[in-house]
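Please consult the sequence and the model shown here alongside the text.

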Amino acid sequence: MNIRDATEADVDDIVAMSSKFYATTNYRSYTNMDADTVAGLVRMLIDTSIMLVAEDAGEVIGMAGLVIAPFLFNASIKGAHEVVWWVSPDSRGSGAGRELLREVELHAKEKGCRIIQMLTLSTSPAHAGQTYERSGYAHSETCYTKEI
């Protein structure tokens, strides 16, 4: 398995994985996923923030994307905030998720971030939060969504 920076050549694979991920979320009840929007976001993450892929035998099996932004309560501190962290169900248990998380931390540190914020959804597997906690993350926020 190889974890690497995503490139333009990976955009279609990332959009396809995003579609599979999106289908498992509650967000699908609000709107359909727009592939062009996702592709634009992926390109922005590649250019300005962090977008990694996990590859196994030449196939992209996972992804992690974080936006880098000033910390909400102190703009002198940069933070990396998860947009997506996902591994194909067929590749779960391979260590790809843990390796993506480890690499995300290294990339965030290299880019001057002092904090990193990872998320779970109501539909996330239980082991996602457990992986964060085992990796030293503390629960800091829970999000609720309402269509208006």
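The radius of gyration is taken over C-alpha atoms, and the globule rule is 2.2 Å times the number of residues to the power 0.38. By that rule a compact globule of 148 residues would have a radius of gyration near 15 Å, and the protein chain agrees with its 15 Å. The model is predicted: local features need pLDDT of at least 70, side-chain atom pairs count only at pLDDT 80 or more, and totals for chains, interfaces and linings use all residues. Residues are numbered from 1 along each chain as its sequence is written, and side-chain values use heavy atoms, leaving out hydrogens and water.

**Overall fold**

- The protein chain contains four helices and five strands (DSSP runs, numbered from the N terminus: helices are H or I with at least four residues, strands E with at least two).
- Their order along the sequence is β-α-α-β-β-β-α-β-α.

**Helix H1**

- Helix H1 spans residues 11-22 and reaches 16 Å from its first C-alpha to its last.
- Its buried residues are Val11, Ile14, Val15, Met17, Ser18, Phe21 and Tyr22.
- These residues cover an arc of only 165° around the axis, which puts them on the same side of H1 (the arc is that of the directions from the helix axis to the C-beta atoms).
- Exposed Asp12 and Lys20 lie on the face turned away from the buried side of H1.
- The cover over the buried residues of H1 includes helix H2 and strands E2, E3 and E4.

How values were computed: Expected span 1.5 Å × (residues − 1). Buried < 20%, exposed > 50% of the residue type's maximum accessible area, 1.4 Å probe, protein only. Contact = heavy atoms within 4.5 Å.
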